[in-house]
Amino acid sequence: MVERLDKETVDIFTSKYLGSMSNTYTFSKRLAEQVINDYSKDLPSVILRPSIVVSTVKDPMSGWLDNFNGPVGMMVGGGKGILRVVCLEPNASADFIPVDLAIKVMLTAAWKRGLQTVTKDPTVHVYNVNSYQIHRITSKELVALGFRLNESTPLEGIVWYPSTILTSNRFLHYILTLLLHVLPALVIDEISKLIGRKPMLMKIQRVIYSSVVQLSYFLHNEWIFHNSNTLNSLTKQVPSAEREIFGYDYQKFEMESFFQHCLLGAKRYLLNENREEEAKRHYNR
């Protein structure tokens, strides 16, 4: 339908079919799960629902990530000095799961599902792969932690001393965006043109603003995804001989140490930064 109809008609259909779903992203996920459910009587099926996937805890190395999504992107934007204001609920928590732990659950779930044939068990096994009952950090706490870590391990080429305002007021966010994002970006881009460099800050700020608007529903709300099925059925049933590879002791998860590795991983794998002393001098100046 989306490929064949014109945009105006698609918009009308979208508002009709979404119903209680918040956007087309969650709607398409629901459609995918229905397709899996339809085929589950003929094919052994598992549905895994990971929350926000973030950097690795350990495998293949600590802090590895290949994108700026989620809290790591916020830490980088704030650390670079370009993310000055974000519209969200400061006391809400966004559930996240390290990518290597999510993959361990995927492998373990496939192993467990394969222990029974589809004839004996035609049901779909469903697992919420997330951090509920394990760790929780609010947006306000995450930003404060990010700035503490950034002080000891600053990013290279920051354009403004790191500081980010969190507000749930959309009008205030719009005004502060004009003052703290748009105006400085216009000035710096004009200076870049004068000295022969390519202007890019305004382009980055457009991407940031668009992302905040699109994620608004998720940034202002908090959900609880129960994961007792994952914790009880999977992590505790991994054979002892395989536990070192496929298991993980969630009680040992240390928030500050993890995000320290997230920041170092972002510097190394996303930003390709390695000039530590120069970055510290620039940060202090």
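Author: Happy to! The count comes to 3 cavities of 30 Å³ or more, and please keep in mind that this is a predicted model. Rolling a probe the size of a water molecule over the atoms shows where empty space is left.

The chain has 12 helices and 6 strands, and its C-alpha atoms fill a box of roughly 70 × 55 × 35 Å along the principal axes. Of its 285 residues, 39% count as buried. Among contacts between residues at least 6 apart in sequence, 80% join residues at least 24 apart.

Now to the largest cavity, which holds about 90 Å³ of space. Its lining consists of Met74, Met75, Gly78, Gly79, Leu83, Leu142, Val143, Gly146, Phe147, Asn150, Thr164 and Leu263. The elements that give two or more residues to this lining are helix 3 (70-80) and helix 5 (139-152). Helix 5 gives the most, with 5 residues. Sorted by class, the lining of the largest cavity has 7 nonpolar and 5 polar residues, and no charged ones.

The second largest cavity has a volume of about 80 Å³. It is lined by 11 residues, and those nearest its centre are Lys104, Val105, Thr235, Phe246 and Tyr250. Here the elements with two or more lining residues are helix 4 (99-113) and helix 9 (228-235). Helix 4 gives the most to this lining, with 4 residues. By class, the second largest cavity is lined by 7 nonpolar, 3 polar and 1 charged residues.

Leaving out residues up to four places away in sequence, Lys104 touches Asp59, Ile245, Phe246 and Gly247.

The peptide bond from Asp59 to Pro60 is cis, with omega near -5°. Pro60 is found in the loop between strand 2 (52-54) and helix 3, and helix 3 is one of the elements lining the largest cavity. Most residues other than glycine have a negative phi, and most peptide bonds are trans.

A backbone feature of the other kind is found at Asn272, where phi is near 55°, a positive value in a residue other than glycine. Asn272 sits in the loop between helix 11 (255-270) and helix 12 (276-284).

For a view of helix packing, turn to helix 6 (residues 170-194) and helix 7 (residues 201-214). They pack at an angle of about 160°, with their axes 8 Å apart. The two helices are therefore roughly antiparallel to each other. On the helix 6 side, the contact includes His173, Tyr174, Thr177 and His181. Helix 7 brings Leu201, Met202, Gln205, Ile208, Tyr209 and Val212. The residues of this contact divide into 11 nonpolar, 4 polar and 1 charged.

Key. Residues are numbered from 1 along each chain as its sequence is written. This is a predicted model: local features need pLDDT of at least 70, side-chain atom pairs count only at pLDDT 80 or more; totals for chains, interfaces and linings use all residues. Side-chain values use heavy atoms; hydrogens and water are left out. Axes are lines fitted to C-alpha atoms, for helices over the stretch in contact, and angles run from 0 to 180 degrees between N-to-C directions. Angles under 35 degrees count as roughly parallel, over 145 as roughly antiparallel, 65 to 115 as roughly perpendicular and the rest as oblique. Contact means heavy atoms within 4.5 Å. Ala, Val, Leu, Ile, Met, Phe, Trp, Tyr, Cys and Pro count as nonpolar, Asp, Glu, Lys and Arg as charged, and the others, Gly among them, as polar. On a 1 Å grid over the protein atoms alone, a cavity is a set of points where a 1.4 Å probe fits but cannot get out, and a pocket is an open set with protein on both sides within 12 Å along at least five of seven lines; lining residues have an atom within 4 Å of a point. Grid points are joined across faces, edges and corners, and a volume is the space filled by probe spheres set on the points. Buried means under 20% relative accessible area, exposed over 50%, partly exposed in between (1.4 Å probe, protein chains only).
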